[in-house]
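Trainee: Can we go through this model together? I would like to ask about chain contacts.

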Number of protein chains: 8
Amino acid sequence: MNEDEIKQVLNAVNARKMSIETAFKRLQHLSYENLSFARVDHHRHIRQGVPEVIFAQGKKVDDVIAIAHSIYKRSRKLLITKATKEIIDRLNMHDAVFYPLSGTIAVHGAKKKKGNVLILSAGTSDIPIAEEAAVTASFLGSRVESIYDVGVAGLHRLAGAKKSLDSARVIVVVAGMEGALPSVVGGLVDKPVIAVPTSIGYGTSLKGLTALFAMLNSCVPGIAVMNIDNGFGAGCLAHKINIV
Amino acid sequence: MNEDEIKQVLNAVNARKMSIETAFKRLQHLSYENLSFARVDHHRHIRQGVPEVIFAQGKKVDDVIAIAHSIYKRSRKLLITKATKEIIDRLNMHDAVFYPLSGTIAVHGAKKKKGNVLILSAGTSDIPIAEEAAVTASFLGSRVESIYDVGVAGLHRLAGAKKSLDSARVIVVVAGMEGALPSVVGGLVDKPVIAVPTSIGYGTSLKGLTALFAMLNSCVPGIAVMNIDNGFGAGCLAHKINIV
Amino acid sequence: MNEDEIKQVLNAVNARKMSIETAFKRLQHLSYENLSFARVDHHRHIRQGVPEVIFAQGKKVDDVIAIAHSIYKRSRKLLITKATKEIIDRLNMHDAVFYPLSGTIAVHGAKKKKGNVLILSAGTSDIPIAEEAAVTASFLGSRVESIYDVGVAGLHRLAGAKKSLDSARVIVVVAGMEGALPSVVGGLVDKPVIAVPTSIGYGTSLKGLTALFAMLNSCVPGIAVMNIDNGFGAGCLAHKINIV
Amino acid sequence: MNEDEIKQVLNAVNARKMSIETAFKRLQHLSYENLSFARVDHHRHIRQGVPEVIFAQGKKVDDVIAIAHSIYKRSRKLLITKATKEIIDRLNMHDAVFYPLSGTIAVHGAKKKKGNVLILSAGTSDIPIAEEAAVTASFLGSRVESIYDVGVAGLHRLAGAKKSLDSARVIVVVAGMEGALPSVVGGLVDKPVIAVPTSIGYGTSLKGLTALFAMLNSCVPGIAVMNIDNGFGAGCLAHKINIV
Amino acid sequence: MNEDEIKQVLNAVNARKMSIETAFKRLQHLSYENLSFARVDHHRHIRQGVPEVIFAQGKKVDDVIAIAHSIYKRSRKLLITKATKEIIDRLNMHDAVFYPLSGTIAVHGAKKKKGNVLILSAGTSDIPIAEEAAVTASFLGSRVESIYDVGVAGLHRLAGAKKSLDSARVIVVVAGMEGALPSVVGGLVDKPVIAVPTSIGYGTSLKGLTALFAMLNSCVPGIAVMNIDNGFGAGCLAHKINIV
Amino acid sequence: MNEDEIKQVLNAVNARKMSIETAFKRLQHLSYENLSFARVDHHRHIRQGVPEVIFAQGKKVDDVIAIAHSIYKRSRKLLITKATKEIIDRLNMHDAVFYPLSGTIAVHGAKKKKGNVLILSAGTSDIPIAEEAAVTASFLGSRVESIYDVGVAGLHRLAGAKKSLDSARVIVVVAGMEGALPSVVGGLVDKPVIAVPTSIGYGTSLKGLTALFAMLNSCVPGIAVMNIDNGFGAGCLAHKINIV
Amino acid sequence: MNEDEIKQVLNAVNARKMSIETAFKRLQHLSYENLSFARVDHHRHIRQGVPEVIFAQGKKVDDVIAIAHSIYKRSRKLLITKATKEIIDRLNMHDAVFYPLSGTIAVHGAKKKKGNVLILSAGTSDIPIAEEAAVTASFLGSRVESIYDVGVAGLHRLAGAKKSLDSARVIVVVAGMEGALPSVVGGLVDKPVIAVPTSIGYGTSLKGLTALFAMLNSCVPGIAVMNIDNGFGAGCLAHKINIV
Amino acid sequence: MNEDEIKQVLNAVNARKMSIETAFKRLQHLSYENLSFARVDHHRHIRQGVPEVIFAQGKKVDDVIAIAHSIYKRSRKLLITKATKEIIDRLNMHDAVFYPLSGTIAVHGAKKKKGNVLILSAGTSDIPIAEEAAVTASFLGSRVESIYDVGVAGLHRLAGAKKSLDSARVIVVVAGMEGALPSVVGGLVDKPVIAVPTSIGYGTSLKGLTALFAMLNSCVPGIAVMNIDNGFGAGCLAHKINIV
């Protein structure tokens with residue numbers, strides 16, 4: 001219930017076209033519903049497309065398809081993460097774009113791209129998570145550049161990215177194994193850095209916990225850290241920072 | 001904002017004694033303020049004494065004394081957990097009772113005791129946590145009986161407690177080390193059992209994690225588990241169940 | 001061996017219809033068997049249907065079917081948790097009801113429902129565990145209401161549940177990921193709250209450990225915590241509290 | 001080696017006052033030295049005050065005093081975190097300001113404050129870390145507002161902070177125990193949220209790991225997470241985002 | 001090399017029938033070879049059947065079959081643990097006995113059974129590990145009695161086992177979940193108790209770690225603990241103690 | 001209640017000297033009391049001195065002294081583990097012997113020593129735990145031999161212990177750090193080996209968890225493992241095995 | 001940018017065919033590009049074949065084949081670890097050698113073998129990792145000898161390896177379960193020992209963490225430890241040490 | 001007992017100056033003592049000073065002094081790690097050198113220094129562990145160079161160390177927090193790199209576990225990893241590699 005609707009009720013009461021009882025019924029749950037509408041309102045504004053997101057992993061394909069069509073009907077846009085080929089095949093939406101590395105599906109993301117988000121990934125195996133972050137930020141309305149395969153053992157490739165580092169407003173760094181790349185990047189720039197640990201590695205990589213903890217302990221102060229493999233979250237945060 | 005107040009606003013609008021703008025202003029922040037007052041209201045009703053509690057551990061004595069007097073002034077009752085002798089000495093409240101094993105201080109707890117809460121502890125070292133649970137439940141208004149030192153290696157003492165087990169409405173079981181007592185007690189009764197793991201033990205007792213996990217995995221279904229050493233929480237829950 | 005049977009033996013001895021030796025043999029294992037009968041007796045009374053439960057996960061279908069029929073023959077009721085479609089298909093019991101989300105099978109649960117148990121779940125993925133709790137409590141004889149999908153990011157749905165929150169005697173809150181919902185609900189009500197962490201999430205959700213630990217550390221005092229994914233246990237405890 | 005020096009070499013070669021061999025030798029180690037000057041340069045620009053920071057915990061008082069004077073001499077500003085009263089007493093700097101709750105010392109921080117950083121803390125015990133974040137961001141040049149003691153059990157206080165939430169460009173949320181506050185705040189706003197877990201709690205709070213993991217698993221997408229008790233890092237990141 | 005052999009060498013030297021060089025060569029490698037033969041000797045004596053064991057899990061069927069025949073050829077007996085139906089089918093050994101619950105295969109175990117080993121298991125799901133312990137101890141030459149399904153919620157069954165408890169020389173207790181049974185049994189008897197945690201359970205059972213730690217922290221002093229699911233080890237130890 | 005007492009009741013009923021009601025009252029609580037007496041009885045027989053033990057660590061000196069005198073009065077013997085010099089000074093018992101390395105106090109242990117328990121420790125830092133095991137087993141009535149400082153880097157000292165290894169009936173091996181010694185010893189002998197991990201080490205020794213896990217994973221089958229630093233438990237088990 | 005290119009620029013400046021400005025522009029990014037070329041250069045020299053390595057596990061067969069041919073084309077040699085039969089079948093390279101136990105593929109490794117690397121493995125299940133280390137070191141140019149199945153329970157086999165131990169310049173020890181073998185070997189030799197924990201074991205072997213921690217805590221000083229199952233890394237390090 | 005001594009005995013027997021009995025007594029324990037002498041012999045050769053080491057932490061000052069004098073008397077050299085000022089004060093050895101940062105005491109280390117060991121440390125707080133490694137390697141006979149404070153945020157200092165990196169035969173890298181430096185250094189050189197994690201950091205640094213795991217997961221193949229804070233071990237390994 002937004003401002004207009006509340007005023008409509010009040011006007012109707014004032015015009016004596018609506019009884020006190022009816023008006024009260026419309027308003028009575030405000031203590032609760034008000035909260036809800038306020039937050040939904042907020043959410044709608046804030047998230048600019050985020051609510052249209054489905055996390056497909058672990059859901060049945062039928063359910064994903066059903067939710068997807070319901071969301072699309074309401075909002076005319078849609079983002080699905082951790083999707084499969086089967087989902088895109090059965091989705092049957094004309095403008096849906098499928099990103100196979102990350103399994104992301106985007107339909108009618110933001111047209112106008114603003115600002116400048118740079119996505120870096122350390123190894124080839126980290127690309128799916130980096131792609132998820134890139135597609136998400138782009139879908140939400142950020143201009144995105146991606147440079148993949150910039151490991152600590154490939155720092156020279158980072159060197160070639162000087163211009164991109166300089167022009168970005170916020171940088172997402174995706175890395176598994178020892179998770180050292182965000183520290184190295186963070187030491188080179190003065191802008192917000194978002195670190196995403198991936199579950200790439202074996203043994204004591206502990207499915208990404210080692211990279212996560214390394215990033216949280218970076219000697220570079222103020223690195224923003226995400227959950228393991230959470231490229232989607234990184235894309236959201238990068239976009240929020242990008243448009244601050 | 002309650003029903004009457006909302007209707008007053010609507011009546012004033014209907015009577016054209018209040019402008020739409022004024023009415024809207026009165027209503028527009030409902031989302032937040034309503035929530036807040038509602039919850040405060042709820043809280044006051046719900047917690048019946050729980051807000052009067054200070055967790056003294058890690059706080060400076062001066063601060064504890066100051067908060068204690070401020071709470072007591074407002075509510076005429078007070079509970080302090082994990083307190084020290086220095087606190088009771090400096091508190092200077094006439095009716096304060098100090099329980100030295102658990103370091104609990106109670107002032108003017110509920111006078112009328114209802115129902116029947118039974119507190120069992122496994123070893124002598126678990127008594128402080130058991131006492132904290134007992135004092136808390138009693139302070140909140142429950143009738144409390146305590147039987148200490150009923151370990152798995154002292155089950156015969158449990159046998160002697162048959163009558164107490166039978167008459168209790170809810171039972172709190174406090175145990176460290178392997179945390180097996182709640183399973184044994186839970187197998188003997190058909191009433192709610194609350195298990196409190198303690199940090200008693202060494203090596204693989206992992207400061208109470210082993211007892212906690214053992215309790216969560218009890219083969220007796222439906223045992224309520226608390227955080228390690230959380231006698232206060234157990235006392236609160238026992239009281240809430242006791243007065244359902 | 002119950003009171004009547006013991007007295008029969010004593011009467012027979014008194015009437016000299018039974019030799020001392022025979023009587024002794026009947027009684028000699030009382031130290032042990034007495035315990036057993038007592039506990040079985042207790043159990044029968046206490047658990048009101050709980051012993052009729054089979055945890056199907058990890059068991060072979062043949063075994064589940066066999067145990068199920070044996071239990072049903074004896075008690076004319078039956079509850080199976082974590083069951084599959086294959087089990088219900090092969091069970092071949094006329095009145096068996098299968099709940100496909102949680103995989104619960106209930107046969108002839110309690111007819112008369114008492115009190116009021118409210119089950120809340122945070123996300124759609126938590127529904128299976130919530131359903132298991134609901135079916136269990138209902139089977140044991142509790143009146144149950146369920147409200148699903150009330151996440152911290154969907155608190156407005158909780159707002160709409162005010163009436164249900166008010167009328168419940170005990171509330172079960174099921175949540176995965178960061179497990180924050182029990183704290184929020186616990187802050188709104190003054191009745192016992194049972195928190196069930198689920199294994200929903202990825203990375204640092206640690207298969208439910210994070211939600212579990214968050215619940216154990218709730219700033220709301222006295223929340224009862226269950227093992228991860230233990231909807232059945234929550235249903236049992238909710239019922240026990242509901243009928244206190 | 002800076003631009004002037006490189007050009008000097010080139011000019012000398014052009015003027016044939018320097019042989020190719022000599023010029024090459026001067027330039028050949030550029031790979032290393034160039035890197036170093038470049039990065040130092042970067043660092044100076046980027047960090048705007050961050051290098052002037054001393055992490056006092058675990059260092060000897062004598063060492064802290066010595067480093068502090070050396071830094072102050074060079075940069076005319078200084079920030080010390082996790083300091084003690086003894087350090088401020090012996091520091092003997094006229095304009096040093098000591099924040100006793102967090103043990104932060106600031107000397108000549110940025111005069112002009114820009115933007116709007118909001119710092120929220122959940123419990124009274126979390127205030128030291130919140131203060132550290134606030135002093136840091138302010139020292140670096142951000143306008144900072146702080147609201148303390150906004151726990152999940154005190155959400156109404158959050159309600160009163162609506163205006164502050166609306167006007168902030170970035171929000172830091174500091175919480176221990178179950179770490180639920182960032183999720184609740186994150187659900188209310190559309191701006192970047194930085195979550196700082198604290199080591200407040202006991203038992204399964206695991207010295208802050210539980211709050212940390214809960215924050216990483218927030219159902220609100222895109223929350224930036226810091227290491228446990230890292231108020232300084234949160235202040236740095238908040239400032240970087242605030243001035244994007 | 002034993003006393004006689006060393007003296008032979010010395011006598012030969014004394015009799016000048018052996019040169020210093022030859023004598024030295026005979027003696028110089030004592031450091032290694034002596035060790036090796038001594039230990040081999042020991043091993044042969046000590047293990048009496050234990051070396052004939054194959055741990056089949058994770059090995060290819062072909063390899064297991066090959067090793068099995070090679071062992072059987074040499075020693076005319078054989079024990080395979082964690083085997084499958086396919087292995088017993090392809091083994092093609094006339095006298096091989098397959099225990100399907102535990103997947104143990106025994107060929108020509110010790111004929112004469114000595115002493116008295118009692119194996120108890122807590123739940124039906126723990127029976128495979130209990131069976132493995134029983135078959136192992138029996139194979140090595142111990143008389144074995146097994147009582148299954150004696151959980152903490154089924155203590156009355158333990159009561160019926162009084163005679164078995166009294167006559168055993170050593171007791172193996174197999175339990176998963178909270179692992180409380182060894183504590184209860186250990187409180188009833190004065191003989192060595194061997195506890196075997198199983199990986200039965202879910203959530204915080206942590207694949208058996210909880211049961212393991214509970215057993216290590218038993219309030220009954222001196223319980224011998226095995227690795228998770230190590231029924232074979234328990235059978236070996238029980239036999240060694242049984243024949244002390 | 002033993003056989004004679006039950007028969008007395010039956011005879012009295014048979015002789016009509018005791019009414020059915022009185023007889024029933026005598027028998028009706030058998031379920032509980034019988035259990036309790038039975039177990040107490042068992043305990044007295046079983047533990048032969050074990051109940052006389054006080055675990056002093058974490059207890060107040062006053063309490064230890066009081067419990068010690070109470071135990072000694074009843075049983076004329078006493079064992080205190082993890083005691084301090086202050087306790088022995090204040091204990092004031094004529095025949096008390098204090099073992100300062102382990103902090104064990106023994107009064108009037110078993111005079112007749114039976115069998116043969118060998119205690120080995122890996123490093124000098126492990127000696128306190130080894131001594132605790134030795135004093136315990138000796139107190140309970142076992143003949144004990146100790147050989148200290150037999151690390152993997154000092155295997156030659158083990159070599160010198162061949163005779164002791166051969167004559168022992170059971171061997172206790174105490175080791176911290178990587179905990180490898182029990183595997184090496186277990187490979188040399190065919191008798192029960194009890195492994196005690198100690199908390200000696202740093203970093204990834206994880207306060208003894210590494211040694212514990214290494215011992216549980218020994219490639220030598222059937223090693224009995226104790227909790228970390230549990231020399232007392234090892235002494236109890238060694239004695240129980242020694243007298244089997 | 002290599003030496004020739006830098007000199008070309010300087011010559012052009014010297015010859016006044018290139019302006020200072022143009023020359024500076026060519027050189028100014030040296031800080032980055034120089035780094036890159038330098039490091040690539042270094043890498044080529046240093047790694048002598050290491051860059052030609054593909055870690056096949058988790059990669060699609062198509063991708064592995066494509067990368068393999070691209071690498072081979074450039075460098076005329078190739079190493080693939082954790083490969084499958086399918087990969088070698090489809091690789092279609094004439095001189096490729098497939099090691100089926102470890103799944104390693106080597107093409108045109110170093111022809112001249114230098115020095116002496118000894119590889120020991122504890123159990124038969126550790127052989128795949130040992131083979132990976134052996135093939136890697138050999139591929140890089142080290143002479144390699146392997147002795148498998150030298151467990152702590154088979155130390156006599158180690159004794160027989162005295163000559164190999166003596167002649168090796170560096171020793172790799174591969175072991176799972178309790179990981180004790182490196183300590184035993186390290187106690188016998190005065191040369192560098194590299195320990196590789198494997199994920200062999202179950203329960204508290206914790207997928208190799210126990211062996212890893214045991215190796216890190218070896219009482220033998222200075223053992224080099226690798227990640228779990230990292231035979232490739234061990235082969236690289238052994239080769240680097242071997243050719244120091 | 002070395003070759004000469006054995007031959008002396010044999011010669012004496014041959015010369016009939018020593019009876020068979022006496023000779024046998026001298027030799028009889030060879031099976032064991034031979035092992036011991038061999039290993040001691042080996043050790044003496046191998047460790048070149050390592051046996052002269054005392055790990056002082058956790059030992060009483062009196063004991064350290066006593067052991068120190070006993071070792072010095074025998075070997076005329078001595079190394080004490082983790083020592084305190086009190087120990088050096090009371091040691092009263094003329095030539096003892098005390099390194100206060102690491103608490104290392106060295107007496108008469110190797111005079112001739114060979115090869116080239118480079119020690120790098122990431123932060124100022126890591127210097128004590130780096131110093132311990134440096135003193136150890138130097139004591140054993142290696143030429144050592146140290147460069148401290150080369151963090152990922154101070155890579156330019158690493159650049160200035162190019163010459164040192166080039167001339168070293170083996171490099172020790174000491175780092176806490178995220179432990180990224182060994183990866184960066186390892187990417188720059190082709191010689192053995194030894195990584196030492198330190199316990200520096202807080203929160204998720206987990207007392208060094210994070211740095212340790214990061215190092216074990218380095219994307220640079222073949223880095224040798226030590227236990228947390230084990231500078232001594234790194235010094236030993238560096239020396240062993242340096243003199244290969």
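**Chain contacts in a predicted model**

Mentor: This is a predicted model. Start with chain A and chain D. Across their interface there are five residue pairs in polar contact, both residues being at pLDDT 80 or more.

Trainee: How many nonpolar residues does the side of chain A that touches chain D have?

Mentor: Sort that side by class. Eight of its residues are polar and eight are charged. The nonpolar residues number 21.

Trainee: How many salt bridges are counted between chain A and chain D?

Mentor: A salt bridge needs a side-chain nitrogen of Lys or Arg within 4 Å of a carboxyl oxygen of Asp or Glu. Apply that between chain A and chain D, and the count is zero.

Trainee: What area is buried between chain A and chain D?

Mentor: The contact takes 37 residues from chain A and 35 residues from chain D. Carbon and sulfur atoms give 61% of the buried area. That area is about 3,100 Å².

Trainee: Now chain H. What area is buried between chain A and chain H?

Mentor: Here 18 residues of chain A are in contact with 18 residues of chain H. Carbon and sulfur atoms give 70% of the buried area. The area is about 1,700 Å².

Trainee: Which element gives the largest share of the side of chain A that touches chain H?

Mentor: Two elements of chain A give two or more residues to this side: α9 (181–186) and α10 (209–216). The largest share is four residues, and it comes from α10(A).

Trainee: How are α10(G) and α10(H) oriented to each other?

Mentor: Helix α10 (residues 209–216) of chain G packs on helix α10 (residues 209–216) of chain H, with axes 14 Å apart. The angle is about 105 degrees. Angles of 65 to 115 degrees count as roughly perpendicular. So α10(G) is, to α10(H), roughly perpendicular.

Trainee: Which residues of α10(H) make that contact?

Mentor: From α10(G) come G:L209, G:L212, G:F213 and G:L216. By class, the contact has eight nonpolar, no polar and no charged residues. On α10(H), the residues are H:L209, H:L212, H:F213 and H:L216.

Definitions and conventions:
Residues are numbered from 1 along each chain as its sequence is written. Chains are lettered from A and ligands numbered from 1 in the order in which they are written. Side-chain values use heavy atoms; hydrogens and water are left out. Axes are lines fitted to C-alpha atoms, for helices over the stretch in contact, and angles run from 0 to 180 degrees between N-to-C directions. Angles under 35 degrees count as roughly parallel, over 145 as roughly antiparallel, 65 to 115 as roughly perpendicular and the rest as oblique. Contact means heavy atoms within 4.5 Å. Ala, Val, Leu, Ile, Met, Phe, Trp, Tyr, Cys and Pro count as nonpolar, Asp, Glu, Lys and Arg as charged, and the others, Gly among them, as polar. Buried area is the accessible area (1.4 Å probe) that two parts lose on being put together, summed over both. A polar contact is a pair of N or O atoms within 3.5 Å; within protein, one must be able to donate a hydrogen and the other to accept it, and residues adjacent in sequence count only if both atoms are side-chain atoms.
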